Amino acid sequence: MIAITKLQKWRSVSMIPLNNLIARCDVVCNRRLLHNGPDNLEELLDRHLAKEQKPILDDEEAELLNRRRLTSTRREALSLYRDILRASRFFTWTDSRGFLWRDILRENARKEFEAARFETDPEIVTRLLLGGQDAVESALEKLAERHRQEIEKERRGG
């Protein structure tokens with residue numbers, strides 16, 4: 001008896017007119033088309049992600065932010081200048097005119113910093129700082145390499 005009832009249920013389900021199933025599919029398909037979803041991934045992200053809004057700053061806050069930024073670059077500039085002074089200690093030989101390279105380097109660094117003293121463009125300031133840091137590093141690397149060569153020369157000769 002149980003087997004017959006299951007068979008009867010299956011037959012009753014399978015006997016649903018095919019047109020009725022197609023009509024139901026049309027309704028589901030129309031619902032999917034009618035929700036006006038995004039056309040691409042960018043639209044989906046724009047619609048559903050929270051957009052970061054820039055805070056509106058009044059004049060005092062903008063001035064404070066600008067001072068912090070300038071203070072930061074000022075610190076970096078002073079740090080670079082101190083690095084140049086420290087690195088110049090190692091240049092103890094003289095040039096063709098008899099001046100110590102240490103003094104020449106310090107004088108030129110002072111002139112460069114004075115020339116860029118009133119620069120306000122952040123890109124130019126950053127470029128100058130990075131260029132100065134690279135110059136100090138490369139000068140110290142060349143100096144160290146030169147000392148290594150001198151040490152190797154002494155070892156071979158002595």
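Me: Is R117 buried or exposed?
Reply: This is a predicted model, so read every value as computed. Exposed means over 50% relative accessible area. R117 has 54%, so R117 is exposed.

Me: What does R117 form a salt bridge with?
Reply: Start with the cut-off: a side-chain nitrogen of Lys or Arg within 4 Å of a carboxyl oxygen of Asp or Glu. R117 pairs with E114, and their closest N and O atoms are 3.5 Å apart. E114 is partly exposed, at 35% relative accessibility.

Me: How many salt bridges does the structure hold?
Reply: The structure holds 8. Among them is the pair D83 and R86, whose side chains meet at 2.9 Å, N to O.

Me: Where do D83 and R86 lie, and how many residues apart are they?
Reply: Check the sequence spacing against the helix. D83 and R86 sit 3 residues apart in helix α4, so about one helical turn separates them. Then check the accessibility of each partner. D83 is partly exposed, at 32% relative accessible area. R86 is partly exposed as well, at 41%.

Me: Which helix holds both R155 and E152?
Reply: Both lie in helix α6, 3 residues apart, about one turn of the helix. Now take the two partners in turn. R155 is exposed, with a relative accessible area of 61%. E152 is partly exposed, with 35%.

Me: Which residues gather in a patch of negative charge on the surface?
Reply: D58, D59, E60 and E61 gather in a negative patch on the surface. Take E61 as the example. E61 lies in helix α4, which spans residues 59-88. Its relative accessible area is 41%, so E61 counts as partly exposed.

Me: How many helices and how many strands does the protein chain have?
Reply: Read the fold as a list of elements, then as an order. The list comes to 6 helices and 0 strands. The order along the sequence is α-α-α-α-α-α.

Me: What percentage of the 158 residues is buried?
Reply: The cut-off for buried is under 20% relative accessible area. Buried residues make up 9% of the 158 residues in the protein chain.

Me: Is L80 buried or exposed?
Reply: L80 is buried: its relative accessible area is 5%. L80 is found in helix α4.

Me: What are the two separations for E112 and G132?
Reply: The method carries over. E112 and G132 are 20 residues apart in sequence, and their C-alpha atoms are 9.7 Å apart in space. E112 is found in helix α5, residues 101-115. With a relative accessible area of 56%, E112 is exposed.

Methods: Residues numbered from 1 in each chain as written. Predicted model: local features only at pLDDT ≥ 70, side-chain atom pairs only at ≥ 80, totals over all residues. Heavy atoms only, no water. Patch = residues over 30% accessible without salt bridge, like charges linked within 9 Å, V, L, I, M, F, W, Y side chains within 5 Å. Areas by Shrake-Rupley, 256 points an atom, 1.4 Å probe, with all protein chains shown as cover. Lys, Arg positive; Asp, Glu negative; His and termini not counted. Charge placed at Lys NZ, Arg CZ, Asp CG, Glu CD. Helix = DSSP H or I, 4+ residues; strand = E, 2+ residues; numbered from the N terminus. Buried < 20%, exposed > 50% of the residue type's maximum accessible area, 1.4 Å probe, protein only.
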